[in-house]
Amino acid sequence: MDKSKGADTSATANFLKQQLRKALMEQRLAMPDRLARADLLQRVMRIWLVGRPDTVIGAYWPIKGEFDPLPALHRWKEDGELLDEPHRRRIGLPVVDRVHKILTFRAWYPGCPMENDAFNIPKPKDTELIVPTLLFVPCLGYSAGGYRLGYGGGFYDRTLAALEPRPFTVGLGFTNGYIEEFEPEAHDLPLDAILNDNGVVWPAG
């Protein structure tokens, strides 16, 4: 068996994926109606959360034109306080574990102390470590079957493999992030749901 052919195929696939990431990033940053689409996705997200049993939700700090999930989650947290639920709702933002290259989650709330991580992304500073039962993840791209295209760092894949029990995973992205022809790799795990500014993308129907 010629192993060099396999290596060449893998290198080509990685190159094409990087080109796809670049194109999707440029497209997202150039969206003239990104704020209007973000408002629609905020609404979709709030409606989708109604009736969910979760009290600890993990999310992310938006970068590079990503959808910002924090306003909808803060509203979700406030709604729980109004309902006088027995368990306080909490929101977590990721913190990079440099040793194991996975994410842990610290409690976030508006005005909490923040600092930048190794990638210059804001993270909560010295707040409580929490374990989410529901995790919202940003989608640079996504496809049928619930597969997500991220930035290629593998942090979410490693984190999900390490978390026990595995949280319910929900991708968030804009409509134009949909990839018609996308071949997931062997290590790619499908998300449990994907939401965009038009509604629920996955599971379909």
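Okay, a bit of housekeeping. Because the model is predicted, local features need pLDDT of at least 70 and side-chain atom pairs count only at pLDDT 80 or more, while totals for chains, interfaces and linings use all residues. Residues are numbered from 1 along each chain as its sequence is written, and side-chain values use heavy atoms, with hydrogens and water left out.

When I say helix or strand, I mean DSSP runs numbered from the N terminus: H or I over at least four residues for helices, E over at least two for strands. Two strands pair if DSSP finds at least two bridges between them. For example, β1 (residues 56–58) pairs with β7 in the parallel sense, over two bridges. Gly58 has Leu135 of β7 as its bridge partner.

Which residues does Gln42 contact, leaving aside its neighbours within four places in sequence? They are Phe67, Asp68, Pro71 and Ala72, where contact means heavy atoms within 4.5 Å. Gln42 itself is found in helix α2. At 10% relative accessibility, Gln42 counts as buried, and the cut-offs there are under 20% relative accessible area for buried, over 50% for exposed and partly exposed in between, with a 1.4 Å probe and protein chains only.

We use a 1 Å grid over the protein atoms alone: a cavity is a set of points where a 1.4 Å probe fits but cannot get out, a pocket is an open set with protein on both sides within 12 Å along at least five of seven lines, and lining residues have an atom within 4 Å of a point. Points are joined across faces, edges and corners, and a volume is the space filled by probe spheres set on them.

The largest pocket has a volume of about 860 Å³. It is lined by 37 residues, and nearest its centre lie Arg148, Tyr151, Gly153, Gly154 and Tyr156. Among the elements that each supply at least two lining residues are α1 (3–29) and α4 (155–162).

The second largest pocket holds about 210 Å³. Of its 15 lining residues, Leu49, Val50, Gly51, Trp76 and Arg89 are the closest to its centre. α3 gives the largest share of that lining, four residues.

How many cavities of 30 Å³ or more are there? Two, by this rule. The largest cavity is about 60 Å³, and α1 gives the most to its lining, with three residues. The second largest cavity has about 40 Å³ of space. Arg28, Cys139, Gly173 and Phe174 are among the residues lining the largest cavity, and they are also among those lining the second largest cavity.
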